[in-house]
Amino acid sequence: MKKLLFITPELPYPAQSGGKVKSLKLLKALSQKYHVTLACPLKEDDSVHVEEFHGISPCENHLHDEVSVARNASNLALSYARRVPLNVLRTVSKSLLKRIAQCADDFDIILLDHYEVMPYLPSNFRGVTIYHAHNAYFKIWERFAQLPGNPAMRAAAALEARRVRRYETSVASAVDLTFAAPNDAAELIKAGVDKSSIKHTFHLGDDSQLDLPELRFSQTKKKLMYVGYLGWEANVQGLLWFIDHVWPQIVLEHPDASFDIVGKNPDKRLQTAALPYHGITLRGYVADLQTVYTDSRVSVAPLLFGSGMKVKVLDAMARGMPTVTTSVGAEGINVIAEQHLLIADSPDGMAENINRLLTDPELWQKLQENSRWLIRERYTWRQLFTHMHREIEAVMKQKRSQAYLSSRSTLQHVG
């Protein structure tokens with residue numbers, strides 16, 4: 001078996017976000033084909049979970065180092081001085097850089113999981129290099145810069161979008177193979193990346209939910225649900241918009257409606273916004289989401305900006321929970337509005353769609369059946385990793401052929 005070094009910007013455990021779910025599942029899939037070593041800095045509370053992670057990790061070896069670089073004005077200025085995006089600066093450890101440089105030649109493949117870890121790729125590495133793009137992150141910054149709000153923050157976001165765009169493009173252009181979701185791949189190609197070097201991947205949810213029994217409209221309450229990390233700005237902004245502009249319309253029509261918001265580390269702005277409404281409950285982290293799914297009637301994903309495929313949407317579809325989202329929430333997924341889920345970008349439109357699902361069992365049943373069928377047919381981990389293994393094997397074969405032809409050319413020249 002070949003040896004693969006998997007470099008990611010944070011410990012992929014506990015898998016409480018879509019990105020960590022994908023990283024951990026990808027590690028497990030790669031470990032069936034390669035001898036895998038994981039390298040990652042430890043951020044925030046990662047060190048608390050290291051021992052537990054090692055107990056379930058599919059990797060043969062682990063390289064870690066604690067990194068703590070605050071997201072503040074001085075470090076933003078430093079990132080400009082070093083000509084890297086702030087998230088790259090916040091991910092680099094000199095000690096881990098040195099350890100990876102010392103052992104890199106032992107590996108046949110280095111996989112960069114996120115653009116932030118590009119500094120860890122040794123410039124003299126001659127094996128196969130792969131970039132797994134979780135998002136086209138510059139699109140997130142671009143969309144954030146277009147939202148109403150503090151002009152200084154918007155200007156800073158626009159500048160960061162340009163920096164991240166250049167950096168992500170350089171990463172994708174420097175490696176042998178890039179995996180990206182279809183909508184992110186399109187953005188990278190627009191930014192100048194060679195189309196032939198990009199292959200599609202998907203950021204999927206918990207497809208084991210397909211094996212669970214169907215939910216029943218008659219067994220649900222007039223309850224909405226939302227699942228996501230509540231410290232992530234895109235989630236916070238979307239929920240604030242929803243609470244301020246959509247929820248008042250819902251309770252006007254349905255005074256007995258309730259809304260469970262599930263996710264850890266709720267931003268203080270969310271706590272303040274939810275406080276006046278007795279029907280809104282910030283549930284925090286919930287270990288078994290089925291306790292939330294089973295009596296909810298509608299899943300909402302009110303995202304105003306972001307990039308890539310939204311795991312919260314795919315998860316709800318896999319469970320057969322009818323979903324109302326925005327165009328941003330649905331992007332990258334091959335859905336048809338009114339067939340698989342409902343889409344609206346205005347407060348009035350979203351409120352209307354939610355009210356329909358709260359009161360129309362036939363529409364509710366149609367979306368449930370169609371959404372589960374779509375996930376089963378197109379978005380399972382087994383299908384995805386079969387495709388990714390095939391693409392990795394193809395690029396390895398191509399690189400071996402190129403090396404062979406190069407050596408033959410050198411020998412003929414010497415002769």
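In which helix is the place of Leu-358? Leu-358 belongs to helix H14, helices (H or I, at least four residues) and strands (E, at least two) being DSSP runs numbered from the N terminus. The model is predicted, with local features needing pLDDT of at least 70, side-chain atom pairs counted only at pLDDT 80 or more, and totals for chains, interfaces and linings using all residues. Residues are numbered from 1 along each chain as its sequence is written, and side-chain values use heavy atoms, with hydrogens and water left out.

- At 2% relative accessibility, Leu-358 counts as buried; buried means under 20% relative accessible area, exposed over 50%, and partly exposed in between (1.4 Å probe, protein chains only).
- Leaving aside neighbours within four places in sequence, Leu-358 is in contact with Phe-217, Lys-222, Lys-223, Leu-224, Ile-250, His-254, Arg-297 and Val-298, where contact means heavy atoms within 4.5 Å.
- The C-alpha atoms of Leu-358 and Lys-221 are 8.7 Å apart in space, while the two residues are 137 residues apart in sequence.
- Helix H14 (residues 347-359) packs with helix H15 (residues 361-378) at an angle of about 100°, their axes being 6 Å apart; axes are lines fitted to C-alpha atoms, for helices over the stretch in contact, and angles run from 0 to 180 degrees between N-to-C directions.
- H14 and H15 are therefore roughly perpendicular to each other; angles under 35 degrees count as roughly parallel, over 145 as roughly antiparallel, 65 to 115 as roughly perpendicular and the rest as oblique.
- Arg-356, Leu-357 and Thr-359 of H14 meet Pro-361, Leu-363, Trp-364 and Leu-367 of H15.
- The residues of this H14–H15 contact divide into five nonpolar, one polar and one charged; Ala, Val, Leu, Ile, Met, Phe, Trp, Tyr, Cys and Pro count as nonpolar, Asp, Glu, Lys and Arg as charged, and the others, Gly among them, as polar.

**Helix H7 and its partners**

- Helix H6 (residues 137-145) and helix H7 (residues 151-174) have axes that come within 8 Å and cross at roughly 165°.
- H6 and H7 are therefore roughly antiparallel to each other.
- The H6–H7 crossing is left-handed, a term that applies if the near helix is turned anticlockwise from the far one by less than a right angle, with right-handed used if clockwise.
- From H6, Tyr-137, Phe-138, Trp-141, Glu-142, Phe-144 and Ala-145 meet Arg-154, Ala-157, Ala-158, Glu-160, Ala-161, Val-164, Arg-165 and Glu-168 of H7.
- By class, this contact of H6 with H7 has nine nonpolar, no polar and five charged residues.
- Helix H3 (residues 73-82) packs with H7 at an angle of about 40°, the axes being 13 Å apart.
- H3 and H7 are therefore oblique to each other, and H3 passes H7 in a left-handed crossing.
- Leu-76, Ser-79 and Tyr-80 of H3 meet Leu-159, Glu-160 and Arg-163 of H7; the residues of this contact comprise three nonpolar, one polar and two charged.

**Nonpolar cores**

- The largest nonpolar core has 48 residues, and those with the most contacts inside it are Phe-6, Leu-30, Tyr-379 and Ile-392; such a core is a set of buried Ala, Val, Leu, Ile, Met, Phe, Trp, Tyr and Cys residues joined through side-chain atoms within 4.5 Å.
- Helix H16 (residues 381-414) gives the largest share of this core, seven residues.
- Apart from this core lies another, of 43 residues, among them Cys-103, Met-118, Ala-133 and Ala-172.
- Ala-133 lies in the loop between strand E5 (128-132) and H6 and is buried, with a relative accessible area of 0%.

**Backbone exceptions**

- Most residues other than glycine have a negative phi, and most peptide bonds are trans.
- The peptide bond from Tyr-13 to Pro-14 is cis, with omega near -5°; Pro-14 is found in the loop between strand E1 (3-7) and helix H1 (18-30).
- His-114, not a glycine, has a positive phi of about 100°; His-114 is found in the loop between strand E4 (109-113) and E5, and is buried, with a relative accessible area of 10%.
- Asn-265 has a positive phi near 55°; Asn-265 lies in the loop between strand E9 (258-262) and helix H10 (268-274), and counts as partly exposed at 45% relative accessibility.
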